[in-house]
Amino acid sequence: MQTRAAAFAREQVIPAVDGWEREARYPRAAVAGSGLTGLFCPAGAGGAGLSYPEGMAVFEELGRGDAALAFSLSMHNAVAAAVAGHAGLAERWARPLAAGEALGGFSLTEPHAGSDATAITTIAEPDGDGWRVSGRKAWVSLAGEADLFLVVCKTSEEPGHRDIAIVAVERSAPGVSFPVIYRKACADFLPIGEMELDEVPATLLAPAGQGMRAALAAIDVARCDIAAIAAGLHAEALDVAVAYTAERTAFGRPLLELQAIQFALADVATELEASRLLYRRAAERLGTPEGPVAVAHAKRFCPDAALRGAVACSEALGAYGWLLDHPLARMIALAKMLQVVDGTAEIQRLVIGRWLASR
Ligand SMILES: Cc1cc2nc3c(=O)[nH]c(=O)nc-3n(C[C@H](O)[C@H](O)[C@H](O)COP(=O)(O)OP(=O)(O)OC[C@H]3O[C@@H](n4cnc5c(N)ncnc54)[C@H](O)[C@@H]3O)c2cc1C
């Protein structure tokens with residue numbers, strides 16, 4: 001699967017991403033054909049049944065291709081795995097999601113509630129055998145594109161997280177609309193925006209009392225994916241800079257023979273090694289009591305290191321680092337994105353700080 005992901009990134013993502021950007025079109029066919037849409041689903045549901053460390057190796061390769069596409073696959077794979085574990089939803093959705101014929105989205109953030117997830121107000125209420133959900137979600141990735149969204153919501157007016165549940169909502173259900181699609185610094189091919197839910201019929205995935213824990217467990221996996229994607233972006237930036245500076249000459253010799261350039265790239269390489277160790281260690285601890293803090297270390301460090309690395313690599317190319325012919329300017333924007341998605345560096349510091357206090 002790692003080899004497949006590397007080939008997908010090299011052959012189908014890197015040469016095509018500029019075209020997707022120009023057309024602002026999500027590459028559904030390429031994603032469906034990637035064979036990377038059921039990574040954590042069991043084989044019985046049409047998935048690859050990977051362990052977390054195996055899956056993270058796939059995400060590092062995808063990060064080399066394009067971090068925004070990799071992020072969308074991270075979210076989709078989390079949804080596919082959750083659905084495969086739910087008897088009611090699995091029958092209809094598990095196989096199409098694992099095959100990439102259907103896409104999954106995860107919707108927690110609201111216009112007024114980002115880091116503070118317990119402040120959400122979207123509410124689900126029982127309706128006969130099912131549920132109806134109403135509210136407004138923000139920063140919905142694959143807005144209008146995903147076929148099934150897992151929506152984190154409240155089930156009462158009580159403050160706090162005890163009544164938080166997760167429901168599944170079909171994009172085509174009556175009452176679902178996407179009134180706002182954001183303009184972004186890059187990754188126009190990935191639609192992100194707001195989702196309006198007006199008494200939408202929904203299926204309960206995790207009931208009140210379990211919703212917050214289930215969401216946090218899914219977010220821990222997603223944070224580890226993001227750390228691995230950041231390492232992939234970081235590795236690709238370094239490869240671009242090494243290849244360029246080995247060819248480009250100044251003052252009679254290749255830039256790469258100048259000690260100032262070597263030292264700058266040496267630091268990028270050390271931070272890449274550190275990132276890989278951190279995300280791989282976190283992947284091994286997912287699902288154990290040490291998982292959340294190991295993931296927080298990786299999610300805190302890897303995107304920051306990738307951003308520092310992409311900036312240093314861009315500088316090694318001089319003016320050419322700024323051209324779109326070399327992907328470094330785009331990588332800088334994507335590394336900024338990775339710092340925020342699935343929880344900012346400050347939120348990771350909160351997790352690490354609480355762990356220190358609990359010791
Ligand atoms: C590209 C992209 C895709 C996304 N896709 C999705 C998606 O599909 N589904 C979804 O649900 N969400 C998605 N998000 C939303 C993302 O999870 C949130 O943006 C993120 O959790 C931060 O929330 P916020 O932007 O509202 O920032 P805020 O919570 O408003 O925070 C603003 C700043 O304050 C800091 N801050 C907040 N609280 C504290 C604190 N207690 N201590 C110290 N500092 C603090 C933050 O670190 C940040 O720097 C996406 C975001 C991006 C950028």
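Are Arg276 and Glu60 buried or exposed? Arg276 is buried, as is Glu60; buried means under 20% relative accessible area, exposed over 50%, and partly exposed in between (1.4 Å probe, protein chains only). The model is predicted: local features need pLDDT of at least 70, side-chain atom pairs count only at pLDDT 80 or more, and totals for chains, interfaces and linings use all residues. Residues are numbered from 1 along each chain as its sequence is written, and side-chain values use heavy atoms, with hydrogens and water left out.

**View 1. A salt bridge joins Arg276 and Glu60.** Their side chains meet at 2.8 Å, N to O; a salt bridge is a side-chain nitrogen of Lys or Arg within 4 Å of a carboxyl oxygen of Asp or Glu. Arg276 belongs to helix H8 (residues 259–285) and Glu60 to helix H4, so the pair ties together parts that are 216 residues apart in sequence. Helices (H or I, at least four residues) and strands (E, at least two) are DSSP runs, numbered from the N terminus.

**View 2. Helix H4 covers residues 52–65.** Ten of the 14 residues of H4 are buried, among them Met56, Phe59 and Leu62.

**View 3. Glu170 forms a salt bridge with Arg92.** The closest N and O atoms are 2.8 Å apart. Glu170 lies in strand E5 (residues 165–170) and Arg92 in helix H6 (residues 87–99), so this pair links parts that are 78 residues apart in sequence. Glu170 is partly exposed, with a relative accessible area of 24%, while Arg92 is exposed at 52%.

Notes:
The expected span of a helix is 1.5 Å times one less than its number of residues.
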